[in-house]
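I am opening a notebook page on one model, and I want to record what I looked up in it, helix by helix and then ring by ring.

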Amino acid sequence: MLGSSSVLVNNQENFDSEWFAGRVVDWQQQYGRCGLPWQGADAYYIWLSEIMLQQTRVATVIPYYLRFVDRFPAISVLAAESEEMVLTYWSGLGYYSRARNLHSASRIIMQQHDGEFPRHFEDILALPGIGRSTAAAISAFAFHERCAILDGNVKRLLARYYAIDGYPGEQKIEAMLWEKAEALLPEKNVAIYTQGMMDLGATICTRSKPECCRCPVQAGCVAHRNGCVALLPTPRLRKKLPERKTTFLLLRNGSDILLEKHTGRVIWGGLWCPPQLDIQIPGDIESVRVYCRQFFNVEVINVLALPKFTHTFTHFKLHI
């Protein structure tokens, strides 16, 4: 540890915000990611890309994005569709609450903003599924507004650049990082700068094995100067994940399998899944037959107990 929630003295007089932003902009124009399908697009497509990119890598997002915009080319089309259809085109991308929020937000835009994606930061922030950093990214890319972002990549970059000790998810540390992000914003080229910050964090200032020798702001980086890049950002104190148990029932009839739609805001809400039992039933044939007869009105001929397995989510482990 570097010391509780501290910012190391760094003698950065010669590396002010203008120098930092200029280096980031120049680097992005030469080496940053370009040609992404949503770059230079209108607000709808930028919004969609930013939601898809939450907790998901660019390479994974691109094919989903292309398929999604081909099916839902405008906000009005997205809003007019059913949630089930939206989830169908999101299937496989994970974190399905993003798709449900996207669909809800599209209907709000149709009702409250006459089908036009809102231009004001506060209106963007008010939409479901959009936090401060995502709203800022949309504002910067779509409307060239001077707004700072602070996604995971940028948090890591700034924590190292200023040698800010402490877990970035902690309120006090996050506030400190927001202050730094705001202070570094350039007066112009905000969209290029914002893309550059994202690209630097994703491709150079990576979580492991960062390529400091290729970093355009290495000269001003306190962590690099003090040899503590590998220690930052401070990891979260790991707690043991809660564990849950469930049983899925795979009811087959020839090549058909019974699925039911999960309702509400559960983890698989809106998706079609095998029946998930709220109770543990004995594995003997007769108990399974009685259960299926009672709850599904079907007669079971053969019963096979499948191997157990565990799936780890962000906040818990599920033993299935």
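**Entry 1: an enclosed helix**

I looked up α8 and found 10 of its 12 residues buried, so this helix is largely enclosed by the rest of the structure; buried means under 20% relative accessible area (1.4 Å probe, protein chains only). The model is predicted, with local features needing pLDDT of at least 70 and side-chain atom pairs pLDDT 80 or more, while totals for chains, interfaces and linings use all residues. Residues are numbered from 1 along each chain as its sequence is written, and side-chain values use heavy atoms, with hydrogens and water left out.

Helices here are DSSP runs (H or I, at least four residues), numbered from the N terminus. Among the buried residues of α8 I noted Ile-138, Phe-141 and Phe-143, and the cover over the buried residues includes α2 (43-52), α7 (121-125), α10 (171-184) and α11 (190-204), where contact means heavy atoms within 4.5 Å. After α8 comes His-144, whose phi is positive, near 55 degrees.

**Entry 2: aromatic rings**

I searched the whole structure and found 13 aromatic pairs, a pair being rings of Phe, Tyr or Trp (its six-membered ring) with centres within 6.5 Å. For Trp-47 and Phe-117 the ring centres are 5.3 Å apart and the planes at 45 degrees, so I recorded the pair as tilted (stacked is under 30 degrees, edge-to-face over 60, tilted the rest). Trp-47 lies in α2 and Phe-117 in the loop between α6 (97-112) and α7, so the pair ties together parts 70 residues apart in sequence. I noted that Trp-47 is buried at 1% relative accessible area, and that Phe-117 counts as buried at 9%.

Note on methods. Buried means under 20% relative accessible area, exposed over 50%, partly exposed in between (1.4 Å probe, protein chains only). Helices (H or I, at least four residues) and strands (E, at least two) are DSSP runs, numbered from the N terminus.
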